[in-house]
Amino acid sequence: MTKKMKLSQLSDMLQDLDVESLEGVTIEGDIELNISGGGGLNPALAYALGSEISQISLHMANIGRMLGFPAEQLFASAFGMGEMPQPETLPTSPKIQELLASKFEVAKVDNWKNPIQEVTLGATSGDGGSRKSTVTLGGENALPYYFDAEMPHRNYVTMDVFDMPIGMAKSVKGNYEDVINDPAEWAKKVVREFNADMVTIHLISTDPLINDTSAKEAAKVVEDVLQAVDVPIVIGGSGNPEKDPEVLEKAAEVAEGERVLLASASLNLDYERIAKAAMDYGHVVLSWTQLEINAQKELNRKLMKQCNVPRDRIIMDPTTAALGYGLDYAYTNMERIRLAGLMGDDELTFPMSSGTTNAWGAREAWMVSSPLKQDSDWGPREYRGPIWEIVTGLSLSLAGNDMFMMMHPTSVQVLKEITQTLYGSIESEEIDITNWIGAEV
Amino acid sequence: MKINSPLEAYKFLPATNCGECGEQTCMAFASHLIDRSHKLTDCTPILEPKFKKKYEELDALLAPEIREVLIGVGENVAKIGGDDVLYRHKLTFFNQTQLAYDVWDTMDEKDLVERVNHIQNFKKFYVGDFLTVDMVAVRCTSNDPAKFGAAVKKVVETTDMPIILCSFDPAVLKAGLEASKGRNPLLYAANKDNWKEVGELALEYDVPVTLFAPNDLDLLKSMAKTFEAMGTEKLVLDPGTFPTGKQLKQTFTNFIKVRRAGIDGDREIAYPIMAVPFTAWMAHDDPVSASYWETVVASVFTIKYGDIMILHSTEPYAMLPELHIRDTIYTDPRKPVTVDPGMYKVGEPTADSPVLFTTNFALTYYTVESDLASNKIDCFLWAIDTDGIGVEAAVAGGQLTAAKIKKGIDESGFDLKKDTTHNAIVIPGLCARLQGDIEDETGANVMVGPADSGRLPGWMEKNWPPQKK
């Protein structure tokens, strides 16, 4: 038996059909529309009926279109609508009128669990020394300046002072000509005029191949520098592995209680003597290796286990190569060391120091012009040198370096400003960059 | 990349060990897919129709987390993005930061052409090749589409380098696109006000487009999502580069966040990032300070995830460090950098000059070379092939032996007896123990130099020329 259905019911049914669910729908049998009443329909009813039928035909046409039949064309030709604007065809690329909402979220790193060891340099009168200020390095729980964790201490700069005149790039030398024969005055100058946080006194004249100055005489220079400035100091030897232990022992002795940084213990000299001197007279040891993470672990382990140096008295120097001269390795080495430390390798959780002055070894920093004819003009070297030292230091600061040994006043100033900007302590006027393209420069 | 072990990649390969890719086994090929030294298309069998499904699956698994976007055409196409890691020692960073230097449409034509030429001709020799910069960014400062179109036309005529069209006015950008048809320029930029029009331009001309949402990562991500829905993934993200103070700190944080989210798998924001160190010029009046700060900001964002940047200073003291830091960060830290083995002249050596050798580890070689050159020691210097290992380690590991040294000397075509008056070699102090062997192999008078090449000048004073025996 055929079930009867009112037109409006059919219309409703079709209206309710979700287009997406039409897949697999089949229309079976004939649809018979029996419109009774002959021609005598009242106009209101005829209009209503016409409306219903048109609705049905629209739905039917839609079904036809989904089956692939160009129903629009049929309508257009049947009703002469060729000139009419076509309705939107298949809805593949609707014009987007509003931005689609999306919220930016990113997780913090969850495997940086080991804070970097805090190490303090310098001792005030309360701690048995004579420094007016101290410097604390380390304490990080994240890569430098990252939002994952507050960075407890900023980076510090210790400026180089030598115990004898040395060869220097011209643009560096210009700043020190008046003090080059007087380490104490030199030290004063870098603190007062160039804003050094610390001073490094390099006792290079002790090298047997240079002046072979005695350890005792060298120690006198250390005393002078300690008197001349009240910031923490670093004491460097000449780099001669036979002579350095003796020189640093004597220097450590005259600096007793000042908590200086002794530079350096390394695997190619008698590091035990240096470690012992640091323990005996209350100093910190710089653990220096050459671009090799496993050597750095080995030396740190020896200092801790074999020489009993406590963790808060070790700083690492994994070696700095200049920009363009191996900085790729220096950067990677430091970044790996810092990441390993943060992730729990407790042989590597120490603050790091960089001999950033090495940047002046790059010929781009000091040479008048390129020795190669094919090179483009290098421009004035007085501008090249400092930026070489800045970019070298800046790269390493991003890899995790805490303390910089530097030389050129401009480099020190710019490096301090950028590292402290990233650290978050530099206020400056806000700049509107929304229309930077049109800026007149 | 969604997979990180060769075994995972191997499952999709034909496993026939046919050798077409140049590797002995499919497993070896798989490991090179993971370290990205081979492309999947190097496997010709997998391109056959029967492997289509596996190919597509593996291709999707191997796709880098950060989408790769191409700017320019032909030989000068610049690729940006394509990275998979946050720390370069884990894999290496791919596709060097592209450095674009600006010109603007209110320049006179002669100056513009000169500046474009300066940009495209700048070069600096480094580790066996020349470092160069990459792109020209044309800024619209006139607000006049016709003027901008003319400037772009001039740039296109002057250089084949990829270009960036910079304006927030869609009419101006359209003029630029018309003037650079077929060059696939990067559009800069869509922002919150013009995104519909600029998006349509990007689709119409089928070019990559930058999304600019200064210090608003929700907006940036929302724009990226919208553009993807509109039909393009050729997107570059500019979260705004603020040049000073706390704003710069915020910029730093934004860059880290965007890249971390992308690498962590948030596809909606996994696009290359643009930095605009140019803004340093909005903060500093004097050109030297502005150049310095521009270089400093450029260095920060070369290291931390800038894939492309727009700069202004074309002073060598700005460009040289920018080129070098970019090279430094994009050097693959997993492989030692080497120089070609052979004999090099330092300065202008004569038959009386010293003869030395070191290894072909680039760092060692260039250190020794610069120690000699900077002290004006004219000499002959061999780089002996040690597979790029330094002297001390190479002696210990057997990569540096008397036989290898003899071979290196012979292959360089230099004859100690004929080409020098002294028949002497100065060897690095770190391989002193090879002295006797080297004497036996070469028949030369072998002198042991210092352990550190920094001491060569002092050593030379005392020991050179060698005493006649």
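How much accessible surface does chain A have, and what share of that surface belongs to carbon and sulfur atoms? Select chain A and bring up its surface: the total comes to about 21,500 Å², and carbon and sulfur atoms account for 50% of it. Keep in mind that this is a predicted model.

Stay on chain A and switch to cartoon. You'll find 13 helices and ten strands. Colour by burial next: of the 441 residues in chain A, 51% count as buried. Now look at who touches whom along the chain. Taking contacts in chain A between residues at least 6 apart in sequence, 70% join residues at least 24 apart.

Time to bring in chain B. Select the residues in contact across the two chains: chain B puts in 91 residues and chain A 84 residues. About 7,700 Å² is buried between them, with 67% of that area from carbon and sulfur atoms.

Next stop, the charged pairs. Six salt bridges run between chain B and chain A. For one of them, pick B:Arg455 and A:Asp207, where the closest N and O atoms sit 2.9 Å apart.

Zoom in on α9(B), which gives the largest share, twelve residues. Finally, colour that side of chain B by class: 51 residues are nonpolar, 21 polar and 19 charged.

Note on methods
Residues numbered from 1 in each chain as written. Chains lettered and ligands numbered in written order. Predicted model: local features only at pLDDT ≥ 70, side-chain atom pairs only at ≥ 80, totals over all residues. Heavy atoms only, no water. Contact = heavy atoms within 4.5 Å. Buried area = accessible area lost by both parts, 1.4 Å probe. Salt bridge = Lys/Arg side-chain N within 4 Å of Asp/Glu carboxyl O. Helix = DSSP H or I, 4+ residues; strand = E, 2+ residues; numbered from the N terminus. Nonpolar A, V, L, I, M, F, W, Y, C, P; charged D, E, K, R; others polar. Buried < 20%, exposed > 50% of the residue type's maximum accessible area, 1.4 Å probe, protein only. Areas by Shrake-Rupley, 256 points an atom, 1.4 Å probe, with all protein chains shown as cover.
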